[in-house]
Amino acid sequence: MAFYVFYVIAIVVLILHFTGWLKRNNLEWLILVLAASVFPVVIFLR
């Protein structure tokens with residue numbers, strides 16, 4: 001279940017990134033956190 005929640009959050013963060021919302025609110029660091037967390041999530045939650 002947590003695996004699917006991660007993917008929903010990842011999709012929302014990517015949509016916000018491509019619409020420019022993250023840059024306007026100085027939250028671009030969320031993209032880096034998302035990228036760093038992909039492999040541990042896939043390894044440990046799957």
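Which residues do ring pairs link into a cluster? Ring pairs join Phe-3, Tyr-4, Phe-6 and Tyr-7 into one cluster, where rings of Phe, Tyr and Trp (its six-membered ring) pair if their centres lie within 6.5 Å, and planes under 30 degrees apart count as stacked, over 60 as edge-to-face and the rest as tilted.

This is a predicted model, in which local features need pLDDT of at least 70 and side-chain atom pairs count only at pLDDT 80 or more, while totals for chains, interfaces and linings use all residues. Residues are numbered from 1 along each chain as its sequence is written, and side-chain values use heavy atoms, with hydrogens and water left out.

## Overall architecture and confidence

The protein contains three helices and zero strands, and its elements follow the order α-α-α from the N terminus on; helices (H or I, at least four residues) and strands (E, at least two) are DSSP runs, numbered from the N terminus. The C-alpha trace spans about 35 × 15 × 10 Å along its principal axes. Of the 46 residues in the protein, 17% are buried, where buried means under 20% relative accessible area, exposed over 50% and partly exposed in between (1.4 Å probe, protein chains only). The accessible surface comes to about 3,800 Å², and 78% of that surface belongs to carbon and sulfur atoms; the areas come from the Shrake-Rupley method with a 1.4 Å probe, and for residues only the protein chains shown count as cover.

The mean pLDDT of the protein is 93, and 100% of the residues score at least 70, pLDDT being the predictor's confidence in each residue, from 0 to 100. Confidence is lowest in helix 3, with a mean of 92, and highest in helix 2 (residues 21-24), at 96.

## The nonpolar core

The largest nonpolar core has seven residues, namely Phe-3, Phe-6, Ala-10, Val-13, Leu-22, Leu-34 and Val-41. Helix 1 (2-19) and helix 3 (29-45) are the elements that give two or more residues to this core, and helix 1 gives the most, with four residues. A core of this kind is a set of buried Ala, Val, Leu, Ile, Met, Phe, Trp, Tyr and Cys residues joined through side-chain atoms within 4.5 Å.

## Aromatic pairs and their surroundings

The structure holds three aromatic pairs. A pair of aromatic rings is described by the distance of the centres and the angle of the planes, and two of the pairs are set out on that basis below.

| Pair | Centre distance | Plane angle | Geometry |
|---|---|---|---|
| Phe-3 and Tyr-4 | 5.7 Å | 80° | edge-to-face |
| Phe-3 and Tyr-7 | 5.0 Å | 70° | edge-to-face |

Phe-3 and Tyr-7 both belong to helix 1, where they are four residues apart, about one turn of the helix. Phe-3 counts as buried because its relative accessible area is 9%, whereas Tyr-4 counts as exposed at 52% relative accessibility and Tyr-7 as partly exposed at 35%.

Phe-3 and Tyr-7 also meet a residue of another element: Val-42, leaving aside its neighbours within four places in sequence, is in contact with Phe-3 and Tyr-7. Val-42 is found in helix 3 and is partly exposed, with a relative accessible area of 34%. Between Val-42 and Phe-6, which are 36 residues apart in sequence, the C-alpha to C-alpha distance is 9.6 Å.

Trp-21 lies in helix 2 and counts as partly exposed, with a relative accessible area of 37%. Not counting residues up to four places away in sequence, Trp-21 touches Leu-16 and Leu-27. Trp-21 and Phe-44 are 23 residues apart in sequence, and their C-alpha atoms are 30 Å apart in space.

Asn-26 is placed in the loop between helix 2 and helix 3, and it has a positive phi of about 55° although it is not a glycine. With 63% relative accessibility, Asn-26 counts as exposed.

## A further residue of helix 1

Val-5 also has its place in helix 1 and counts as partly exposed at 40% relative accessibility. The C-alpha atoms of Val-5 and Ile-31 are separated by 17 Å, the two residues being 26 residues apart along the chain.

Note on methods
Contact = heavy atoms within 4.5 Å.
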